[in-house]
Amino acid sequence: MTTTLTSTVQAPSELILQAVLGAISTAAQGQIDVERIYGGSGPTSLFLCVIAESGERKTGVATKVFKPIIDFERQEAKKYAEKQEVYELELEIFNDKKKLIKKKLSQAMKTGKKEAIGSAEAELLALQRKKPKEPIKSQFIFEDGTPESVQSDMSKGNGNAAMVSNEGGTVFGGPIARDLAFLNSQWSGESFTVNRKTSESFILDNTRLTLSILIQPSAIETFLHKKGVEAVGIGFLGRFLFCNPLTTQGTRFLDQSRFESKEGYERYVERMEKILAENVTTNQTRHVIEFSDEAKAYAHDLYNEIELGLQVNGRFQYAKDHGNKLFENIGRIAALLSYFEHGKDEKISLGILQDAERIAFHFSDTYLRCFQTYPNYLKDAFALQEYCQTKRENGERYIAKSLVRRSGPSRLRNQSALSQALDILQSWNEVMVYKFPTTGLVYIDLYPAMAHQPHMWELFCHNFKRSK
């Protein structure tokens, strides 16, 4: 299906993949949980975010991918409106009956007749048990809203919601971002208590929330500026699967000879409609998608490999919160793919688990590139590394250490920070630092593996003297 949309919409394939995963998560999260190999089970809900500039056809992709859900919601909204009319009429009749019985009870209490009082009380209790129940609204998608409104709708509805936004600034920059702890709890499948001062408090229990956000780089930068420390600190960003695809703009040419098959998309819509129908016909008890024996053995090794990556010099040394959530996300993707392809009764195969692994690690690369937090001494080393590369590209080989402090990155003006950064680059064999014993001049060789070049040395000495 992603191939079909890549051909027709001509948007980046990973953008389409994330949108599809978001739609499946939205439709399936109320129906299935996934087995945890270390015990128990957990949600299949995903937090997804595509970072892409305007013009990447984010809206076009989302419109097609979420169409089955939107159509389903429209149909259910009509049914809900009809049920609501009946409910309101039944509630009006109920209240009228209740008034009459309460009046009868009041009169009996005035006379003091115990038999009449008991009869009226029994009648009132019997009526109360028949109080009409308000119909549940089958709404999944919320594009914007306050934390309070989303929580209220989840409590009154079926408990399964999705924040879907083609312009993610409405989510990351909107009111919902005020309550990151609430969003975290929903990803984890934890109960969340909503305390209200002016209305009745309630508990969100056994609820599920999907986030599928398409956002421009400027909007995510604004969010990180305002909420970045908190978002990283409480593990909010670590729960996400991010992608930042290469643009397809400038390559989306029309080709009249190309055959555009709709078969894949039609199969996708048909399967989504069946999943959505199950949300109406089944109860709130979710089916747990389990791993096959072969997949479970592989999953154990994969879990240990990811855990090893949290150690010093490991893949996730500077992104531990992301690393801690990665295996969980792999399991969720695997369960969603298995359920979508084979239904509830088939276990996760090794092939599907490996597909989920490849997908999650691809998005993990984006997270590490964009969000991992390095200690300052490494940031200094990277800044120096970039500066040295510009000097190489400028045709230089030898540079004075004093020049780096004077005209290099501002973070390297500090003597100890620069010295530590040079030590790190030397350990990486990227540079070599020398000192003249007579003059005390400290200089850096940008090509330490190459033989000495007299003409480059003479050029350095000439430029150094001129700059003094």
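Which residues does Lys 391 touch, not counting residues up to four places away in sequence? The list is Glu 396, Ile 399, Leu 403 and Leu 446, where a contact means heavy atoms within 4.5 Å. Lys 391 itself is found in helix H14, which covers residues 376-393. Helices here are DSSP runs of H or I with at least four residues, strands are runs of E with at least two, and both are numbered from the N terminus. Lys 391 counts as buried because its relative accessibility is 16%. The cut-offs go like this: buried is under 20% relative accessible area, exposed is over 50%, and partly exposed is in between, using a 1.4 Å probe and protein chains only.

Before we go on, a word about what you're looking at. This is a predicted model, where local features need pLDDT of at least 70 and side-chain atom pairs count only at pLDDT 80 or more, while totals for chains, interfaces and linings use all residues. Residues are numbered from 1 along each chain as its sequence is written, and side-chain values use heavy atoms, with hydrogens and water left out.

Now let's look at some helix pairs. Two packed helices are described by the angle between their axes and the distance between the axes. The axes are lines fitted to C-alpha atoms, for helices over the stretch in contact, and the angles run from 0 to 180 degrees between N-to-C directions.

Start with H11 (residues 293-308) and H12 (residues 320-342), which pack at about 160° with their axes 9 Å apart. H11 and H12 are therefore roughly antiparallel to each other. For the wording, under 35 degrees counts as roughly parallel, over 145 as roughly antiparallel, 65 to 115 as roughly perpendicular, and the rest as oblique. The crossing of H11 past H12 is right-handed; that word applies if the near helix is turned clockwise from the far one by less than a right angle, and left-handed applies if it is turned anticlockwise. Find Ala 299, Leu 302, Tyr 303 and Ile 306 on the H11 side, and you'll see them meet Gly 323, Leu 326, Phe 327 and Ile 330 of H12. Sorted by type, the residues of this contact are seven nonpolar, one polar and no charged. Here Ala, Val, Leu, Ile, Met, Phe, Trp, Tyr, Cys and Pro count as nonpolar, Asp, Glu, Lys and Arg as charged, and the others, Gly among them, as polar.

The loop between H11 and H12 holds Asn 313. Asn 313 isn't a glycine, yet its phi is positive, at about 70°. With 72% relative accessibility, Asn 313 counts as exposed. You can find a positive phi at Asn 429 too, near 60°, again in a residue other than glycine. Asn 429 sits in the loop between helix H16 (415-427) and strand E12 (432-435), and is exposed at a relative accessible area of 63%.

Back to H11, which also has H13 as a partner. The axes of H11 and H13 come within 9 Å and cross at roughly 25°, so H11 and H13 are roughly parallel to each other. Among the residues that meet here are Tyr 298 and Leu 302 from H11, and Leu 353 and Phe 361 from H13. The contact of H11 with H13 divides into eight nonpolar, one polar and two charged residues.

H13 runs over residues 350-371 and includes Gly 351, which is partly exposed with a relative accessible area of 37%. H13 also packs with H2 (residues 13-28), at an angle of about 120° and with the axes 12 Å apart. H2 and H13 are therefore oblique to each other, and H2 passes H13 in a left-handed crossing. In this pair, Glu 14, Leu 17, Gln 18 and Leu 21 of H2 meet Ile 359, His 362 and Phe 363 of H13.

Finally, how many disulfides does a search of the whole structure find? It finds zero. A disulfide is a covalent bond between the sulfur atoms of two cysteines, and the cut-off used here is a pair of cysteine sulfur atoms within 2.5 Å. Take Cys 49: its closest cysteine sulfur, in Cys 243, is 8.0 Å away, so that is too far for a bond. Cys 49 is buried, at 0% relative accessibility, and Cys 243 is buried as well, with a relative accessible area of 0%.
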